[in-house]
Every structure is written in C-alpha cells, then in structure tokens.
Amino acid sequence: MTLLNHLDDKLLYVSQSATIDSGDLDAAGELLLSSLAGGLQIERVSIWFFNRKGTALTVKLALHHGQFSQNGAFEITRQAFPRYFAALHSERAIIADDAHHHPATLEFSDDYLQAEGISSMLDAPIRHRGEMVGIVCAEHTGDGRQWTAPEVRFVAAHADLYGRALSACERNLYERQLIQQNAALEQQVQERTAKLLEAEKMAALGKLVAGVAHEVNTPLGVAVTAISHCEEMRGRLQRSFDDKALTHTQLNDYLSDTAQAYDLLSNNLRRASSLVQNFKRTAVDQSHFELSTFLLGPYLHTIVASLRPLLKRYAPQVVIDCPNDLEVTTYPGALAQIFTNLITNTCEHAFAESGQLRSPRIDIHCEHDEQVLYCIYRDNGKGMSGSNLEHAFEPFFTTNRTGGGSGLGLSIVFNLVHQQLGGELALSSQPGQGLTVSMQLPLNYRRVAGEKASHSA
C-alpha cells in the first residue's frame, strides 16, 4: 500500500466516525491524535488552543509515546517566541523539516527541541467559525524528516476535522442550555399558570359572591318592607285599642293584611335562605375538592340555582335531563367548577356576542352505563369557527380579550376533566349553531383512583 493510500484510508475512517460529531471533544481529540500518530508514524502529536487575545498557546491534549495527557498548565507565549507567533499569524501551516533552523521554530531549539529529541515539526491551524482558534502539532523525533505534500494535507485535514468536532461540542452545549432554559421556562409557566388559574377560580367565585349578594338583597328588602308594614298596622291597631275605638272591621283588616305580609315575609326569607344554601354548597365545593357520593341530578339543579344572578341577564331556559336516581362517586367541587365555567362561558361569549337571541337555551344531558358517566352540555349561542375550536382549550386563548376575557375558562374545564376526574372531553361547534361539550367521566371514581369516598348527606 502506498503512503498516499495509507493516509487516505486513515482520513476516511476518522471523517466517517460518529465520534467527530458526538459533541465529546476529548473523545474526538483522542481519535484524531491516534490517527495522526499512526498515519505519520510519529510518537508526538498534540492540540493547542489560543487564549482570547491570541498572545499565548496552551496544550489541550497530547499523545506522547502512546500516552494521552491533558496539561492545560503548559503554555507558550508570543513574548517568549515572537517568530513562531508571527508565522502562525499568517494562518498557514508551518512545515519545518529542520526545526532547529527553520525561521518559525528555531526559537524552540535550545530549551525544547533538543531536550525532547525533536528534529522536525508540522503545525496546521484549527479553524472554528472562520477564525483560527488553535493548532495541531506533529513532531518527529530522531533524524530529520522532509514532510511530503500528502502528509501536510493529512495534518491539515485532521485540524479541520477537529474544527468540526468543536462545532459539534458547541452545538451540544447550546442544546443542553436550551433544554435547561426550556425546562426552567416551563416551570415558570406552570407556576404562573397555576397562580392565574387560582386567580381565575377566585375571580369566578367573587362574581358568584357579588351576584348572590345582589340577589339575596331583593327578598331581604321585601321582608324588611313587610315587617315595617306589619309594625305600622300594629301601631294603628294599638292606638285604636287604647282609645277604645277599635272596630270589628279594623281587626279583620289587620288580620288579613298581616296574613298577607307574613306569607310574603315567609316566602322571601325561604328564597333568601335557598340562595344562601345553594351558594354555600357550590362555593365550598369549588374551593375544596373532596371525593363524595351523591345524586347528580339534584346537585346539577343546585349549581344552576346558585348561578341565577349570572343567568338573570339573558334568562335562558336551562333544561337538565338527568335520572333522579343517578348516583355518582366523584369530586363535586370539580363538577361545580366545570359547569360554572361552561355556563359562564356561554353567558359571556355565546349569548353576549349573539345579539338579541330570541330563545336562549342551555341543555345538560346525563346518562350512564356500568362504569361511565356521559354528560353533554349544549347551548344555542353564536358557536365557534373551526380555527377557534382548535385552540379553545389552550390557556389564555380568547376571542373576547377587549371585553375582559382571560382565556382560561375552557382550559380549566379541560384540566379538571382530564387531570382531576380522569375523563375525556370533546368540543363540537359551527358558527351560529351553538356549542356542544361532550364529557366521559368515571361513574365511580374509586375504581380509577383507588380512594375511599366519603358519603355526602
């Protein structure tokens, strides 16, 4: 085999090695130095790096007599070897057949070349991103050696391959940094999203509080008026009695009026009490998720009743189609928040942006088999386009940003169904055709979660 074929085979082997592009700079350096030593049949090869100012070279990796070493402390400077650095400044290979007398290397003769028995040197520049960042140094010991053109190209090609290895190492470093940054960013997004979700949850609860407070004021106001009317009639009756002018007609009028007032008072206090109880149950459920067994139908009616202030503006017909004896074991708080968000979304988007909808309607249909609860929520509002439907579950996606929409309502519903309740969720809609939300949930969550359910009273 000729020298040229021998060198070409060596070069082909290392250029095709995955080690060069692995990002492991030490492994790539060892492969290249081994190839150089074997191809040139020499005992000393090394890789050197410039400092940032280009005024010094430090050995990165060396192969001397079959032994690898990394000695970053060994350094040569421009000040000590000005001719050598001037030759390197040309960024061409230094071909020193007689290193003791070559203009670029004679400065090493007394202190280095003679001590190590080096007679010939061949240095090739390592380039990265178009700049010379270091050199590959081949040193021949013993009798002088005349470097051939194929050998010069062989060393230069190995220097270029090391530049390729540098790029792979840098790419791997950037990828690791990017992964770390993405992980940190994802953690920040998760933390901020959790805070925003909690804020959205509290905001929805705040709206419910304000709405129920306003709604409760009406029956309480009527009750206060009824009491005032009764007190006024009792005062008139007392004065007539004291004046001994009380007539049979006055007594009958008083009894009739107070009976009506007491009926009015009783009905409105019961209405206020019902509102408070509904609000209390849904508010607690939305704040604390605890596993319970309960009848689904009455609970859905309770949720809708607690949202009466929200529904009051559009007065939709809300139809709940659910078997009266359908018992489920799940998180009522999660269900309360799911349907609260769906109804809120309908009122704030589907109905609010539909113009004057003649007969607004919300349908909630529930059925089940042995293991699965199927819930279908449907409104007849403005509907959604296909492009919006694709992004509906994405956090912060909203078509009503200017109107104060946060874009978290359906995202919360998605997370609750999938993560909290272990179910599946799907949307279907067309512009002008309303929105349909289909949910499949475990009928008995204990089979999924392995938890012991508490039984609500």
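**Burial, cores and loops in a predicted model**

Cys137 is buried, with a relative accessible area of 3%, where buried means under 20% relative accessible area, exposed over 50%, and partly exposed in between (1.4 Å probe, protein chains only). Cys169, at 25% relative accessibility, counts as partly exposed. The structure holds zero disulfides, a disulfide being a pair of cysteine sulfur atoms within 2.5 Å.

The structure is a predicted model, in which local features need pLDDT of at least 70 and side-chain atom pairs count only at pLDDT 80 or more, while totals for chains, interfaces and linings use all residues. Residues are numbered from 1 along each chain as its sequence is written, and side-chain values use heavy atoms, with hydrogens and water left out. The mean pLDDT of the protein chain (the predictor's confidence in each residue, from 0 to 100) is 84, and 84% of its residues reach 70 or more. Over residues 447-457, by comparison, the pLDDT is below 50, and this stretch has 22 contacts in the model beyond near neighbours in sequence; contact means heavy atoms within 4.5 Å. Where pLDDT is low, the predicted coordinates should not be read in detail.

The protein chain has twelve helices and 15 strands. Helices (H or I, at least four residues) and strands (E, at least two) are DSSP runs, numbered from the N terminus. Of the 457 residues of the chain, 42% count as buried. Among contacts in the protein chain with a separation of 6 or more, 65% are accounted for by residues 24 or more positions apart.

In soluble globular proteins, nonpolar side chains tend to be buried together. A nonpolar core is defined here as a set of buried Ala, Val, Leu, Ile, Met, Phe, Trp, Tyr and Cys residues joined through side-chain atoms within 4.5 Å. The largest such core has 46 residues, of which Leu296, Phe339, Leu342, Cys366, Leu373 and Met439 touch the most other members. At least two residues of this core come from each of helix H7 (296-306), helix H9 (332-351), strand S11 (361-368), strand S12 (372-379), helix H11 (409-420), strand S13 (424-429) and strand S14 (435-442). The most is given by H9, with ten residues. A second, separate core of 30 residues includes Val45, Val155, Leu161 and Leu166.

Individual residues show how these elements meet. When residues up to four places away in sequence are not counted, Leu342 touches Tyr377, Leu410, Val413, Val437 and Met439. Asn345 is found in helix H9 and, at 18% relative accessibility, counts as buried. Leaving aside neighbours within four places in sequence, Asn345 is in contact with Ala350, Leu410 and Leu435. Elsewhere, Leu265 has its place in helix H6 (residues 248-287) and counts as buried at 15% relative accessibility. Leu265 touches Ala223, Ala226 and Ile227, again not counting residues up to four places away in sequence. Leu265 and Val224 are 41 residues apart in sequence, yet 8.0 Å apart in space, C-alpha to C-alpha.

The second largest pocket has a volume of about 340 Å³. On a 1 Å grid over the protein atoms alone, a pocket is an open set of points where a 1.4 Å probe fits, with protein on both sides within 12 Å along at least five of seven lines, and lining residues have an atom within 4 Å of a point. Grid points are joined across faces, edges and corners, and a volume is the space filled by probe spheres set on the points. This pocket is lined by 16 residues, of which Phe50, Asn51, Gly54, Met132 and Val133 lie nearest its centre. Strand S1 (44-50), helix H3 (82-89) and strand S7 (131-141) each supply at least two residues of the lining.

Several loop residues were also examined. Most residues other than glycine have a negative phi. Gln41, although not a glycine, has a positive phi of about 55°. Gln41 has its place in the loop between helix H2 (25-40) and S1, and is exposed, with a relative accessible area of 67%. Lys244 likewise has a positive phi of about 55° although it is not a glycine. Lys244 lies in the loop between helix H5 (149-242) and H6 and counts as exposed at 80% relative accessibility. His65, in the loop between strand S2 (56-64) and strand S3 (67-69), is exposed, with a relative accessible area of 54%. His65 and Glu43 are 22 residues apart in sequence and 4.8 Å apart in space, C-alpha to C-alpha.
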